[in-house]
Amino acid sequence: MANIKLGIAPIAWTNDDMPDLGKENTFEQCVSEMALAGFTGCEIGNKYPKDPAVLKKALDLRGLQIASAWFSSYLLTQPYEQVEKDFIKHCEFLKAMGAKFCNVAEQGTSVQGKLDKAVFRDKPHNTEEQWKTLAEGLNKLGAVAKKIGLTMTYHHHMGTCVQTTEEIDRLMEMTDPDLVFLLYDTGHLVCSGEDPIYILKKYLPRIRHVHLKDIRMDIRNKVKEENMSFLAGVRAGMFTVPGDGDFDFGPVFDIINDSDYDGWFIVEAEQDPAKANPLEYAIKARKYIKEKAHI
Ligand SMILES: O=C1C[C@@H](O)[C@H](O)[C@@H](O)C1=O
Ligand SMILES: [Co+2]
């Protein structure tokens, strides 16, 4: 039987990729509302205190733990030594916070943050050389994380060189299964047009972190047809919390519940907090997970 903890990402309150979204929301409001909605963990946002002791106190007061945090790697565009230096700093902070996981996504060639790039049309495709550089770099970063005491998961992501089923397969084949694990994000797989159940079944033993993101398919289709950027899609409401969009999480929950998965479900639904009240949507997600996953 799986042993699952429930967390939520701060991106629904304050969006680090588009800081004007939720600029009025404070750190205290964010973590208080996470706890109020019934979550016991979270990831890290830009408004979080940088001092581990201050952050820990604020989280302890609300019964929250840090589950993991996003790390942008630039293995395809920066010297490995630079990436490793930044990664060690990131991992040491997570370790000080008691987290067990860190989430890496390659950003060297990514268009996910570029407003002038169409997320579907302009996504990068690795050359053979780039695959080798990426896989070697990730194996080394995975070993660094392991030494520090963290499990490194790779976040496949729209607009990056690891987005499609073929790209996830390639990455999993080329990296060490003891060092590089997979972060399974439902929203990105459905958005890309992949089969999330196929990926889940194929990589279940290697999936160590889960992002639960739902999608509004009419908006996703518009993003594709009108060559919109990833961020314009987010702003338009492409993503939402589980239970509010078009994806049925039932099969995902059933498969994971029947497995040995021992980690987090992180609700991660970036949308405009002015249109989608973060507390209201967090409560909605919590209710849906209780009904569908019995957690
Ligand atoms: O895990 C994630 C982190 C965000 O910054 C990102 O853009 C989002 O889509 C995501 O899945
Ligand atoms: Co995610």
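## Overall shape

The structure is a predicted model. The protein chain holds eleven helices and eleven strands. Its radius of gyration is 18 Å, close to the 19 Å that the globule rule gives for 295 residues, so the chain is as compact as a globular protein of that length. Along the principal axes, the C-alpha atoms fill a box of roughly 50 × 45 × 40 Å.

Of the 295 residues, 49% count as buried.

The UniProt record, an unreviewed entry, places the feature "domain: Xylose isomerase-like TIM barrel" at residues 34-291. Over residues 34-291 the chain is 44% helix and 16% strand. The end C-alpha atoms of that stretch are 19 Å apart.

## The sheet

Nine strands form an open sheet, and the pairing is parallel. The order is S3-S2-S1-S11-S8-S7-S6-S5-S4. Which strands sit at the edges? They are strand S3 (65-66) and strand S4 (70-73), each of which pairs on one side only.

At the S3 end, strand S2 (residues 41-42) pairs with S3 over two bridges, in the parallel sense. Glycine 41 stands opposite glutamine 65 in S3.

In general, strands of a sheet pair through backbone hydrogen bonds, either parallel or antiparallel.

| Strand pair | Bridges | Sense | Facing residues |
|---|---|---|---|
| S2 and S3 | two | parallel | glycine 41 and glutamine 65 |
| S5 and S6 | four | parallel | phenylalanine 101 and threonine 151 |
| S6 and S7 | three | parallel | threonine 153 and phenylalanine 181 |

S6 has a partner on either side in the strand order, S7 and S5. Strand S5 (residues 101-106) pairs with S6 in the parallel sense, over four bridges. Here phenylalanine 101 stands opposite threonine 151. From S5 the chain crosses through helix H4 (residues 128-148) to S6, and this β-α-β crossover is right-handed.

H4 lies across S4, S5 and S6. The helix runs at about 145° to S6.

S6 is also joined to strand S7 (residues 181-185) by three bridges, and the two run parallel. The bridge partner of threonine 153 in S7 is phenylalanine 181. The chain crosses from S6 through helix H5 (residues 165-174) to S7, and this β-α-β crossover is right-handed.

Glycine 45 lies in the loop between S2 and H2. Asparagine 46 is found in the loop between S2 and helix H2 (52-61). Are these residues buried or exposed? Glycine 45 is buried, because 21 other C-beta atoms lie within 10 Å. Asparagine 46 counts as exposed, because it has 12 C-beta neighbours inside 10 Å.

Leaving out residues up to four places away in sequence, glycine 45 touches Pro10, Ile11, Thr14 and Asp16. With that exclusion, asparagine 46 touches Thr14 and Asp16.

Glycine 45 and isoleucine 11 are 34 residues apart in sequence, with their C-alpha atoms 7.1 Å apart. Asparagine 46 and valine 31 are 15 residues apart along the chain, and 13 Å separates their C-alpha atoms.

## Positive phi values

Asparagine 227 has a positive phi, near 50°. Asparagine 227 lies in the loop between helix H8 (217-225) and helix H9 (230-236). With 13 other C-beta atoms within 10 Å, asparagine 227 is partly exposed.

Histidine 294 has a positive phi of about 60°. Histidine 294 is found in the segment after helix H11 (278-293). Histidine 294 is exposed, with 9 other C-beta atoms within 10 Å.

How values were computed:
Residues numbered from 1 in each chain as written. Chains lettered and ligands numbered in written order. Predicted model: local features only at pLDDT ≥ 70, side-chain atom pairs only at ≥ 80, totals over all residues. Pairing = 2+ DSSP bridges. Right-handed = clockwise from strand over helix to strand, strands pointing away. Contact = placed C-beta atoms within 7 Å. Axes fitted to C-alpha atoms, helices over the stretch in contact; angles between N-to-C directions. UniProt positions renumbered as here; feature names shortened; annotations may be inferred. Rg over C-alpha atoms; globule rule 2.2 N^0.38 Å. Buried ≥ 20, exposed ≤ 12 C-beta atoms within 10 Å, placed from the backbone.
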